[in-house]
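Here are some notes for your first look at this model. Keep the structure open as you read, and find each residue as it comes up.

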Amino acid sequence: MAATASEPRDTDAFPTALQRRSLITVAAAQVLGGAGLAAGVTVGALLAQEMLQTSSLAGLPAALFTLGSAGAAFLVGRISHRRGRRTGLVWGYAAGAAGGAGVVAAAALDSIGLFFAALLVYGAGTATNLQARYAGADLAPPHRRGRAISTVLVATTLGAVAGPNLTEATQPLGRVVGAPALAGPFVLAAAAYGLAALVLWVFLRPDPLLHARNIALTPAGAGAAEAASPAPEPAPARFNPGVVLGGGAMVLTQLVMLAIMTMTPIHMQAHGHDLGATGLVIAVHIAFMYLPSPLTGVLVDRIGRKPVLVASGVTLLAAGLVAAAAPVASVAVLATALALLGLGWNFGLLAGTAMVTDAAAVATRARTQGAVDVGVALAGASGGMLSGVVVAAAGFPALSVGGGVLALAIVPLAARRARHRSD
């Protein structure tokens, strides 16, 4: 959305101080939530392998908590819609904490059934981590939503980077509670998610979503919203073109990113690369998923959502082509491909999130956002599961090119929408 002289200034309709306070609170909770997410994910497969005595099912934890995150995204969205953003996010983080504690208990009791059930519940933390980005934008004026969302994503990065680095240090915690050492990071995950819930419950007042609804009902709020976005009142979410385009872009980028990222370590291992080289490539990828967020947020606010969505599709295509053409011995070229993959995902997530927030009516916004995140979570799970089938049948280059071409579908969709309504 281009910055123009007619854009709204900071007024009672867009309370800057309250928005800043809400953003700081959500960002603080995200640092904790990111630690809870990453610590558990790092050792989930290893703990499953140890408990199941086989490596063939080591991918099951990721599938279970991804499935759980899809269900939790729906519930957090519904609860936020009915009771406000604070209640929804607190419920999600509390459920994630309970899931982390359940994993520890399952490891201590050597109970496979409890382990699987707890992983499903643990996925609520993942969903809540993702949905918190919407809370950052609840009170932000439209021309600053991209930057508000980027602040939340960067905060998540801090915890996500710290979490894996605490894996070794937290392993003794598992033994303290009578569980295997690999359960220790889940003790950290339960504590981190619990603290994130506590921070939000105590400090996220007034509720940003409920406050935004109240503002929208006032004459000043209605006037400011109209000045900020001269479009008519958003249509119901199911038929809202902005929600469909923004949500569809996030679904596509998540599917493509997860598919190529999941198979990259397998591809590298098959060509003789060690874990150090694989870890470097994945670390570069994760860095480009989150660290460009401040710049992306500015681009989303200044040049508009659709141009950044187009950049997402083009960047993901470039990522697929570079990955497919990369010499199998070149770590640098593969790292470049994965950096482009992370950057394209970042473009799609920020622009898509801002577009969905713009398009969804404030009265039903949380429910719509929850439904969109269910699709994003299911797309990620599908991409991860189908990627192995594609690589087995046609190889990693075919997966990479196919993913890039699929992502390019965002471009004509954004262009078609742009013909009907300019930013």
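1. Start with a term. A residue counts as buried when its relative accessible area is under 20%, and as exposed when that area is over 50%. Both Asp-301 and Arg-305 are buried. Remember too that this is a predicted model.

2. Asp-301 and Arg-305 also pair up. They form a salt bridge, with 3.8 Å between the closest N and O atoms. The two belong to a network of salt bridges that also links Arg-145, Arg-147 and Asp-358.

3. How many salt bridges does a search of the whole structure find? The count is six. One of them joins the side chains of Asp-138 and Arg-85, at 2.7 Å from N to O. Asp-138 sits in the loop between H4 and helix H5 (145–165), while Arg-85 is in helix H3, so this pair ties together parts that are 53 residues apart in sequence. Asp-138 and Arg-85 are buried.

4. Now look at Asp-373 and Arg-133. Their salt bridge has its closest N and O atoms 3.0 Å apart. Asp-373 is in helix H15 (residues 365–394) and Arg-133 in helix H4, so the pair links distant parts of the chain, 240 residues apart. Asp-373 and Arg-133 are both buried.

5. Turn to the surface. Arg-78, Arg-82, Arg-83 and Arg-367 gather there in a patch of positive charge. Which helix gives the most to the positive patch? Helix H2 (residues 60–83) does, with three residues. Arg-83 lies in helix H2. With a relative accessible area of 59%, Arg-83 is exposed, because the cut-off is over 50%.

6. Thr-167, Thr-170 and Gly-174 are buried. They lie on the same side of H6, because they cover an arc of only 80 degrees around the axis. On the other side of H6, Glu-168, Ala-169, Arg-175 and Val-176 are exposed. Gly-178 follows H6, and its phi is positive, near 80 degrees.

7. Check Asp-110 as well. Its phi is near 55 degrees, a positive value in a residue other than glycine. Asp-110 is in the loop between helix H3 (85–109) and helix H4 (112–137). At 52% relative accessibility, Asp-110 counts as exposed.

8. Last, a peptide bond. Is the bond joining Arg-205 and Pro-206 cis or trans? That bond is cis, with omega about -5 degrees. Pro-206 is found in the loop between helix H7 (184–203) and helix H8 (208–217).

Note on methods. Residues are numbered from 1 along each chain as its sequence is written. This is a predicted model: local features need pLDDT of at least 70, side-chain atom pairs count only at pLDDT 80 or more; totals for chains, interfaces and linings use all residues. Side-chain values use heavy atoms; hydrogens and water are left out. Helices (H or I, at least four residues) and strands (E, at least two) are DSSP runs, numbered from the N terminus. Buried means under 20% relative accessible area, exposed over 50%, partly exposed in between (1.4 Å probe, protein chains only). The arc is that of the directions from the helix axis to the C-beta atoms. Patches are made of residues with over 30% relative accessible area and no salt bridge: like charges are joined within 9 Å, nonpolar side chains (Val, Leu, Ile, Met, Phe, Trp, Tyr) within 5 Å. Accessible areas come from the Shrake-Rupley method with a 1.4 Å probe; for residues, only the protein chains shown count as cover. A salt bridge is a side-chain nitrogen of Lys or Arg within 4 Å of a carboxyl oxygen of Asp or Glu. Lys and Arg count as positive and Asp and Glu as negative; His and the chain ends are not counted. The place of a charge is taken as NZ of Lys, CZ of Arg, CG of Asp or CD of Glu.
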